[in-house]
Structure formats: structure tokens, C-alpha cells
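Work through the exercises below with the sequence and the model side by side. Try each task before reading its solution.

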Amino acid sequence: MSRVRFAPAEALLLGRKLNDRVAEAGQRRQRAEVEEILRRFREQPGVILADEVGMGKTFVALGVAVSVALSEASGPVIVMAPPALLTKWAGDLKAFAELYVEDATVCDVAERPSGGRSRGTVIRFGVARHSIDLMRLLDDAPRERAHLIFLAQGAMRRKQTDKWIRLALVAETLRRHARGGAKRLIAVKAQIHRFMAPLISALGEERQHDLGEQLWNHLLSSAPESWRETYNAEVTDQDAMLRDDPVPKAIARVLQRGDLDLKPLADALAEMPLRARGTEAQVRARIKDVQSSLRELEGRLWADLLHQARWRSPLLILDEAHHLKNV
């Protein structure tokens, strides 16, 4: 926190350039609160904002958040809120910026717009409903990273499951174990694309992709860092394109380190059919066995990842903080 500039952002017009859409007294009071909170941060680690309903606590919090976010390059401001309120926070940010930030452009990083640079005061935000969403947002380069992240309360302790992480686990397992004398697993690797979509619950991605089931061979033959580019190269529908790297760098590093025991998944994969032969029930049973191994591995992967996570935020805002009193 020592490098944060504890002062209102220069672009913050709240209480400095009045508008006729909000009562003057309210604007001046909210500005005074923003300044006082930032002043207190120089001397204490936290502040409780407990104004009455209707006095603009959200705008005061956003005034503080925007001031810190625009002056701090080490990481995004995190606003942790109940899941049902994340969309409201994103909407409030846009309304706040329109009223109180000079020449503001508010961008949702999930939309990943291309083209020329935005002018004026650019405020980028992201919404993270799960910890995997947060990891993806933290991965972004500083010039593209969100200034504010609206994070769902409980996201970091909620059980995680993600099709791209499952694909990364399968890819790393095949890389490590489908070689040498592992003839059966090598044979399975050559046919795994036939079953990959149901295996990792990604039927939608396969159906909307121009490569169909061959998509999985293209991805398995490349590093996760290049999957977004590989995937998007053969998609004609702009809406179907990946807007971010599907596998966060933190997860890729855990897999590359080699500490995670992938042998149980390798054994389960080795029992997969080489062709879609046998009864449908038999094929489903083999897929279920692999899915069971994947679920167990995902649990261990997330436990390892969250234990070793090293990231920082200059400011954490807890909305409805009383909900967390017993957490």
C-alpha cells in the first residue's frame, strides 16, 4: 500500500465540477468522504463506510476505487460483492464515470475491443464469478489489465471446474505418459479427439468450430499459451472467439513444474476405447472413469494453486461485508 497515491484522481470531477443531475450538497459530501477515506489510508489499513441507505455509499466507494486504480500500476482494485450484485456494480461504475470522471471511457475487458486506442480517461473493469476468472484477469499485460475487478464473494473457496483446465490436464498427462513403452496410451492419444468433447464437457466448442472434432488434435499439439490463437484461427463467428487465454499462466506453471501426480489420469485414459465400438453404455462408463480422475485432479490443482498464489491488490473493497462476519 505504501506506493499508492492517497489522493483523489485528477480526472475525478465529483464535488469539483458540479452537475445538475445530483443535488449539490450530495456531490460535495461524497467528495469530502472520498478525500477523508484516502487520507485515513495513509495512517490505517482499512475504513468502514456505514452511511445510511440512499446516501451514495457505492459512488463514494467508486470514487476511492477509481482514484487508487488510476494511480497504481502494481495490480487491480478488487471489489468483492455478493454474486447477485456484480452486474449492478459494473453498471454503477459506468454511471459513476459518466457523471464524475472527466472524458471517461469505461471498457469491459471481456469484450477485448480491437482497433485504435481509446482517448480520455480509460477505466477497464472485469467481472470474476469464479477464481478461474480472477486468474485470467490477473494474467493480462499491464496496458490491458482491468483497473477494477468485481469479484464474487466466496469465489476463492468455491469448488472449481473448467473445461479448458480439464483439457490442459489431459494434454499434460499425454505429454508426460504417452511415450516410450506406453503403447496403449499412445494409441489412445491418436484417437482421443473422437471423445474429447464429452470427456471435458465441451460439446458447444466443438460444434461451433470449423474444425469439428479435429480441433482437439490442433490444441493438444500446441502449448496452452497458444490455444487462444489456435482456436480463433479457424472460427468465422466473431462471437465464438476466445477473448482471453483459456488457461491462466499460474495454472500452466503448476503443470509445467511437474509436482502434480498425473499417473491416475494416465491409467484412466489408457482404458479409453480406441474406436467408438461397443455399447453406448460401455463408452459412457469409460468416459465417466476419466471424468472422475479429472475432478480429483482439478481439486488438487486448485488447492496447490491457491496455496502458492502470489498476487497483490492496492485496495480491497468489501460490499455487504456483514455477510462475511462468520467466514
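**Exercise 1.** Sort the residues that line the largest pocket into nonpolar, polar and charged.

Solution. Ala, Val, Leu, Ile, Met, Phe, Trp, Tyr, Cys and Pro count as nonpolar, Asp, Glu, Lys and Arg as charged, and the others, Gly among them, as polar. Step 2: count. The lining holds 21 nonpolar, six polar and four charged residues.

This is a predicted model: local features need pLDDT of at least 70 and side-chain atom pairs pLDDT 80 or more, while totals for chains, interfaces and linings use all residues. Residues are numbered from 1 along each chain as its sequence is written, and side-chain values use heavy atoms, without hydrogens and water.

**Exercise 2.** Which helix gives the most residues to this lining?

Solution. Step 1: list the elements that supply at least two residues each: helices H1 (24–41), H2 (57–71) and H3 (86–100), and strand E5 (316–318). Helices (H or I, at least four residues) and strands (E, at least two) are DSSP runs, numbered from the N terminus. Step 2: pick H2, which gives the most, with five residues.

**Exercise 3.** Is Asp-244 buried or exposed?

Solution. Step 1: locate Asp-244 in the loop between helix H10 (227–232) and helix H11 (249–257). Step 2: apply the cut-offs, where buried means under 20% relative accessible area, exposed over 50% and partly exposed in between (1.4 Å probe, protein chains only). Step 3: Asp-244 has a relative accessible area of 16%, so Asp-244 is buried. Step 4: find Glu-225, 19 residues apart from Asp-244 along the chain; their C-alpha atoms are separated by 10 Å.
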